[in-house]
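Here is a friendly briefing on how two chains meet and how a ligand sits against the protein. Please have a look at the structure first.

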Amino acid sequence: MMDELLSGLLRSIADIDDIPTDGAYNIRKDGEGMARRSTETVQITPKSGKPGIDVRVAPFSKADRVHIPVVITKTGVNDLVYNDFYIGEGADVEIVAGCGIHNSGCEASEHDGIHRFFVGKGAHVRYVEKHYGEGDGTGERILNPTTEVHLSEDAVCEMEMVQIKGVDSTLRETTADLEAGAKLVILERLMTHGAQTARSNVEIRLNGAGSTAQIISRSVAKDSSEQVFYPRAVGNAPCHAHVQCDSIIMDDAKIRSIPEIAANHCDAQIIHEAAIGRINNDQLTKLRTLGLTESEAEAVIIEGFLK
Amino acid sequence: MLELKHVSFQVGDAHAQAEILRDVSFTLKDGKFFVITGPNGGGKSTLARLIMGIEKPTAGQILLNGRDVTDLDVTERARCGIGYAFQQPPRFKGLTVRRLLSLAHGSDLPEDACCAYLTNVGLCSRDYLNREVDASLSGGEVKRIEIATLMARDLEVAIFDEPEAGIDLWSFSMLVQSFKNLSRGRHKSVILISHQERIMQLADEILVVADGQVRARGSRDEMLPRLLGQFEEDCGFRAKEVTAQ
Ligand SMILES: Nc1ncnc2c1ncn2[C@@H]1O[C@H](COP(=O)(O)OP(=O)(O)OP(=O)(O)O)[C@@H](O)[C@H]1O
Ligand SMILES: [Mg+2]
């Protein structure tokens, strides 16, 4: 059985509080593999020569679920991993990743996950990644994820990346390239508070005819935190891309959104929408007329916005 | 019981001032159903916002059950039992109809209770419970959900601002029936802002607000014929003929 701290972290990032009873998993703790299981259709093997794992999902396997959480419970850990995912043709899989840091010391703890996805023809991947930090130490909690996605013909990848609490500094690099008929959906939700900083760079290259991409980013910046978004969509074929960034700004926070859309084909359709603003006053007033205080009303609005 | 005593509301600064409401006084007794009517821009919604505490009067007092609530903010007034269904309700990303009704009620509402409130405003409840109150809802749907949130509360004074606006003919009868039940049900007293004769038919009393003032007030039987006949005179409001030059 696990200690409270560990299961708490797992709950926050992977909705599990213990070792999963079914499906493949790899749990990494304080820079080392702690528990691992492969199944008939999902093979997880450690890399040789560098930290990290290879995850291979068998072609045409259906509805598998893979948990690969990373937890850091010590101060001063600097963890770098390379995880590669090979998703076989026609497979259907859900991957629950995520990183939780508990830092009660004074040194920085950092996890840099470098994830590469090779998604086979017609395969379907749902990827959920939650980032979470806690602990009363002064040491920073740092997460710098790099994600690289390669989608073959007609592959579908839905990615949900969430960072709601406790991460002091984050730099997220996401790149993707899409072959014909491939579809990518990225839903990014972010909340920063205190003096946190977060930067997210995304580059999507739509190379195949009929490929589509949708990036939805919703963020809330509180206190004196700072956020920068740099989404880029490049259409190299007849394709559709839609980038939507909505941010709520509060207190003394700062948000920058630098969208870039580029078309290198006359049938590339790329749309970008971005908005930064305060919480809508009418919404606040409406909830207050139901008896909520101003801060309760704010919390309800933010919760819905980030849902 | 709600009392307004010489309530005025001005906007603007020292250079440019506008008086939106001027010396409004009235008393609304418990168990009464009040309809406020009058021309567009007359000050009806402003009056509702003042009672709810969204705006502060520049003069006068507002009393609820004898207690001066003039200086209470919106949250405090809501907790005293004042409720206001907006003329133009805001929309919320990510907030479901069910959650909104529960927030209004003050505690988690079971599914069948939510359904009952929605049915009362003519919405087929199963389809709506888990929908978000966002831009995907039509104007009439948002309006009806707004009415349902007020129905989910126990209030001293419930104010509905043009609840019938944007609601189709078929649902309208249903709504009228719901308001009929309401006047004997949860809320001690009801203020309904409306331009509709069929809603005015429900009123114990009718108040005409025009040009920032109470222009007339009386029982339904006394007021309705006057309103239908001589509205123009009461309000100093007369259609002018447009002649082509
Ligand atoms: N904060 C404000 N600043 C300036 N003018 C205002 C303000 N609030 C209201 N008004 C004006 O006061 C008048 C009354 O507005 P109100 O919304 O109360 O009218 P109403 O009777 O509800 O009209 P309707 O029937 O169209 O809903 C309008 O002319 C409006 O433009
Ligand atoms: Mg109005």
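Buried area is the accessible area (1.4 Å probe) that two parts lose on being put together, summed over both. Between chain A and chain B it comes to about 1900 Å², with carbon and sulfur atoms giving 59%. This is a predicted model, in which local features need pLDDT of at least 70 and side-chain atom pairs count only at pLDDT 80 or more, while totals for chains, interfaces and linings use all residues. Residues are numbered from 1 along each chain as its sequence is written, chains are lettered from A and ligands numbered from 1 in the order in which they are written, and side-chain values use heavy atoms, without hydrogens and water.

**The interface**
- A:Lys286, A:Thr289 and A:Leu290 supply 32% of the area that chain A buries against chain B, more than any other three residues.
- In contact (heavy atoms within 4.5 Å) are 21 residues of chain A and 25 residues of chain B.

**Charged pairs**
- The rule finds five salt bridges across the interface, each a side-chain nitrogen of Lys or Arg within 4 Å of a carboxyl oxygen of Asp or Glu.
- B:Arg99 and A:Glu303 form a salt bridge through their side chains, at 3.3 Å from N to O.

**Ligand 1**
- Of the 13 residues around ligand 1 (a heavy atom within 4 Å), the nearest are B:Gly41, B:Gly43, B:Lys44, B:Ser45 and B:Thr46.
- An oxygen atom of ligand 1 lies 2.8 Å from an N or O atom in the side chain of B:Ser45.
- For the side chain of B:Asn40, the distance from an N or O atom to an oxygen atom of ligand 1 is 3.0 Å.

How values were computed. A polar contact is a pair of N or O atoms within 3.5 Å; within protein, one must be able to donate a hydrogen and the other to accept it, and residues adjacent in sequence count only if both atoms are side-chain atoms.
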